[in-house]
Amino acid sequence: MKRIRKDSLKEVLINWALDRTVIAPRRTERGECIYDTFDEAGFTLDIAKPSAPPKRSLFPQSEVIFQIEQGGYRQAVSSSPTLLFGIRPCDHKGLLQSQSFMSQDLDDPYYRAKSEKVLTVVMACPGSMSPTCFCTTTSSGPWAESGFDLQLYDDGDAFLVEIGSKRGFDLVSSSSFEEMDDAKAAEKIRAFQKAAGSRIPIISEVEDAMERLETSNKASDEVWEGFGKKCITCGGCSFVCPTCTCFTVSDRVVSVETGDRIRSWDSCLYAGFTKEASGHNPRRTSALRIKRRHEHKLLYHKDRDHHGGLCTCVGCGRCSDYCPVHIGLIEVAQAICSAKDSAGEEKRYSGGVS
Amino acid sequence: MAGLAATFGSGAMTNSINEMDEAELFFVIGSNTTEQHPLIGTRVINAVERGARLIVVDPRDIPLARYAHMHLRQNIGTDVAVLNGLMNIIIEEGLYDREYVETRTEGFDELKRIVSRYTPRVVEQISGIRADDLMLAAREYAGTGKAMLLYAMGITQHTTGTDNVKTCANLAMLTGHVGRPSTGVNPLRGQNNVQGACDMGGLPVVYTGYQKVGDEPVIQKFSDAWGVDDLDKAPGLTITTMMEAADRGELKALYVMGENPYLSDPDSKHIERALSNLDLLVVQDIFLSETAALADVVLPAACFAEKAGTYTNTERRVQLSCKAVDPPGSARADWEIIQDVCARAGYPMSYADPSEIMAEINRVTPSYAGITYPRLEMGYGLSWPCPNEEHPGTAYLHKDRFSKGLGTFLPCEFKPMAEPPDTEYDFILTTGRMYFQYHTGTMSRRVGILEREAPEPLVEINPEDARKLGIRDRDLVEITSRRGAVKIKAEVTARVPRKVVFSTFHFHEVPINLLTNPAHDPVSGIPEYKGCAVKIRRCA
């Protein structure tokens with residue numbers, strides 16, 4: 001086991017950034033913490049929960065996948081060595097789940113090329129980073145079990161460094177990383193994990209909602225109606241979700257003879273996402289689309305590799321943080337649980353006012 | 001704008017968006033809030049969920065109406081009658097704020113005299129809103145301490161737009177709902193910087209900060225600031241009067257920036273004639289719009305991400321916008337283009353960057369004096385008035401006194417729409433926007449996902465009317481007004497009341513403004529987009 005003093009970390013990152021892009025927390029001139037290209041002057045450890053998950057490093061908001069030239073086209077697969085520093089365990093779990101998803105059935109060469117060149121340095125959480133954190137519920141934090149290259153545990157003026165891969169081992173070869181007694185480190189990590197886990201409350205409704213969706217799917221229609229009524233179809237929940245990877249494909253004319261085929265983020269909250277060529281739409285209302293989204297997180301996941309997670313939600317809580325009308329996974333799970341099974345009975349859910 | 005300036009002395013949203021979180025009641029008239037100001041719409045929805053009351057006054061069954069405790073569906077163009085009716089009830093039942101009326105306003109007797117004629121029964125006949133409902137709404141609005149009135153283009157885009165605004169202001173003043181937190185008269189501006197454009201004097205009658213064009217001290221101030229001595233003392237023309245003047249051959253040259261009047265102005269045939277009658281048409285835009293295609297000179301401009309500057313949003317908040325990428329090709333920031341045009345016209349300007357322009361705005365505009373670049377760079381914007389660099393900005397206007405001193409009741413009589421339906425043109429066409437497209441589509445129709453959501457123009461028609469006319473959903477119909485005709489697919493929906501059809505002006509394939517009436521408000525010049533007479537038939 002290794003350890004690194006916090007005041008040596010910047011030097012390490014400068015070195016890591018010599019031959020790869022390092023994405024790390026940064027404090028802007030206005031004092032906000034963002035997660036962006038490593039910047040020596042703005043580097044900070046005061047990141048809490050970044051506003052966006054790190055998925056854009058593997059799955060950019062938009063990317064050229066084909067370049068069209070006169071007489072033909074060629075595939076454009078882009079990738080470059082990248083290190084994601086300080087990502088949270090929930091987000092790391094999201095990356096692992098997405099990697100599995102993007103390689104099942106069919107190979108996605110665009111995603112794979114980037115994911116092969118990504119190194120992950122996870123920062124274990126000492127507790128909730130915001131009131132909406134629920135990784136202990138979804139078994140996706142507050143520390144990563146596996147699949148990382150390095151994982152850091154806060155230990156006062158230093159970090160304990162857990163090595164998760166050969167590539168991780170190579171990263172810590174510099175003298176800035178001090179050797180540490182393995183048994184002592186393991187004991188400290190166990191204590192960290194115990195304390196951290198106990199600080200993040202379980203939201204029992206999430207598992208209850210999964211159970212309810214499994215057994216009495218029909219009963220919750222009014223829940224979806226209530227949320228559908230107020231959704232403004234911004235799609236923001238998909239864009240901030242660590243495990244949402246749906247995309248659409250469009251063409252862009254560059255010149256008379258050339259063009260690009262681009263894929264960009266899409267959202268299942270848009271009507272056009274499921275609209276068929278005939279005009280028929282199997283998910284024709286917001287209510288049905290919100291239902292679909294949450295079923296994909298809580299119900300249709302049995303055949304997927306969750307990397308130890310409960311389902312395909314990793315409990316980051318961002319949908320609850322950012323939805324302007326409070327249609328987050330937490331609120332949805334609570335509504336599913338508080339709605340009565342049979343129609344006509346009193347509903348405690350307050351998603352709509354008539 | 002003109003209506004609020006006359007009543008209060010200031011033409012802007014009186015209160016701020018954050019105050020919505022504390023409001024106890026929203027009175028929303030002529031605003032499809034969730035579709036056109038979705039984030040403000042979410043504030044209203046969240047407020048209703050925590051217990052605030054919501055009264056929606058709108059002819060269409062807009063999405064926000066699903067949250068309304070009362071949805072009053074007035075006949076199109078009868079807003080003055082409805083609002084006068086509310087005031088009639090409020091005065092009749094003694095629900096108005098006597099102390100406020102006595103100490104803060106003038107003109108109450110005249111208001112009382114005029115609204116006395118608008119009894120609930122009379123208003124029911126004019127507006128179609130049941131007298132009982134009107135009474136309930138009046139009592140709720142007057143009886144709630146923190147009541148915010150929101151309106152948008154459903155109020156302004158009428159030949160009586162200025163009257164509509166004045167009447168909204170009258171109602172708010174009568175009940176003491178101005179000059180306190182979470183109250184006020186709140187016009188939701190239709191574009192991200194239309195407030196800023198007005199603030200900067202993008203109106204024919206004022207310089208920056210609403211300093212009047214004809215006022216001697218103002219002329220002196222700007223003459224000194226700009227080193228010129230022949231500033232025109234006469235107000236300029238509004239866009240509607242410009243088009244009329246061009247049509248008559250009196251206006252020779254037009255310089256259009258970021259506007260697409262060929263599609264957005266009423267009576268497109270008239271606009272085409274007017275534009276082709278010009279000696280010179282210059283269009284400065286980010287894309288080759290339908291209007292730009294007619295221009296003698298096209299000046300390519302940078303889009304929002306390609307230039308720096310500020311925007312002033314609907315709550316008077318001036319916010320900094322930074323440049324993210326370089327403009328493509330020969331496109332440049334608007335200010336750079338204007339600077340070069342001015343230089344070639346014999347008036348050299350030498351601003352190095354937008355911050356120098358802002359410094360000049362600070363010098364000549366009292367309400368913007370404290371909104372300096374260094375302060376904007378450090379925070380999240382400042383709301384005017386902000387008279388000096390120590391001032392924190394103003395969340396709500398007219399605290400303790402109105403900008404002009406006493407607030408003036410300017411009562412208005414109801415006037416019917418300019419072109420009411422008759423036996424031949426028996427429907428009213430009302431126009432607006434939809435969530436997924438923006439204005440004439442110059443920008444939004446280039447976005448694949450938006451186009452996927454809303455690929456084609458539709459006209460909404462009530463199921464009863466559709467049945468009588470043999471129109472089924474998605475049938476092609478022809479709509480004809482006295483000015484033109486279009487063919488468009490029908491959407492059969494109860495969203496529109498009977499004898500009303502609704503469509504948008506986003507689609508060049510069906511330029512709906514071929515039909516609309518150029519008759520406009522005498523003060524503001526805003527045309528009556530919200531109502532003209534049409535007939536409709538199913539295409540064989």
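Chain B is divided into three stretches assigned as domains, namely domain 1 (2–188), domain 2 (194–359) and domain 3 (427–538). The model is a predicted one, and in it the C-alpha centres of domain 2 of chain B and domain 3 of chain B lie 29 Å apart.

**Domain 2 and domain 3 of chain B**

- To the contact between them, domain 2 of chain B contributes 16 residues and domain 3 of chain B contributes 17 residues.
- On the side of domain 2 of chain B that touches domain 3 of chain B, at least two residues come from each of helix H13 (239–247), helix H14 (261–264) and helix H15 (268–276) of chain B.
- Sorted by class, that side of domain 2 of chain B holds four nonpolar, eight polar and four charged residues.

**Helices H7 and H8 of chain B**

- Helix H7 (residues 120–127) of chain B and helix H8 (residues 131–143) of chain B have axes that come within 8 Å and cross at roughly 115 degrees; since angles from 65 to 115 degrees count as roughly perpendicular, H7(B) and H8(B) are therefore described as roughly perpendicular to each other.
- The crossing in which H7(B) passes H8(B) is right-handed, and the contact is made by Pro120(B), Arg121(B), Val123(B) and Glu124(B) on the H7(B) side, with Ala131(B), Leu134(B) and Met135(B) on the H8(B) side.
- The residues of this contact of H7(B) with H8(B) comprise five nonpolar, no polar and two charged.

**The four-stranded sheet of chain A**

- Four strands of chain A form an open sheet in the order E5-E4-E12-E11, and their pairing is antiparallel.
- Strand E5 (72–75) and strand E11 (247–253) of chain A stand at the edges with a single partner strand each, so one side of each is left without a neighbour in the sheet.
- From one strand to the next, the twist averages 25 degrees.
- Within this sheet, E11(A) pairs with strand E12 (residues 259–265) of chain A in the antiparallel sense over seven bridges, and Thr248(A) stands opposite Ser264(A) in E12(A).

**The E2–E3 hairpin of chain A**

- Strand E2 (residues 21–27) of chain A and strand E3 (residues 33–37) of chain A are paired in the antiparallel sense over five bridges, and Pro25(A) has Tyr35(A) in E3(A) as its bridge partner.
- E2(A) and E3(A) form a hairpin with five residues between them, and in the turn Gly31(A) has a positive phi of about 95 degrees.

Technical notes. Residues are numbered from 1 along each chain as its sequence is written. Chains are lettered from A and ligands numbered from 1 in the order in which they are written. This is a predicted model: local features need pLDDT of at least 70, side-chain atom pairs count only at pLDDT 80 or more; totals for chains, interfaces and linings use all residues. Two strands pair if DSSP finds at least two bridges between them. Axes are lines fitted to C-alpha atoms, for helices over the stretch in contact, and angles run from 0 to 180 degrees between N-to-C directions. Angles under 35 degrees count as roughly parallel, over 145 as roughly antiparallel, 65 to 115 as roughly perpendicular and the rest as oblique. A crossing is left-handed if the near helix is turned anticlockwise from the far one by less than a right angle, and right-handed if clockwise. Two residues are in contact if their C-beta atoms, placed from the backbone, lie within 7 Å. Ala, Val, Leu, Ile, Met, Phe, Trp, Tyr, Cys and Pro count as nonpolar, Asp, Glu, Lys and Arg as charged, and the others, Gly among them, as polar. Domain bounds come from an automatic or database domain assignment.
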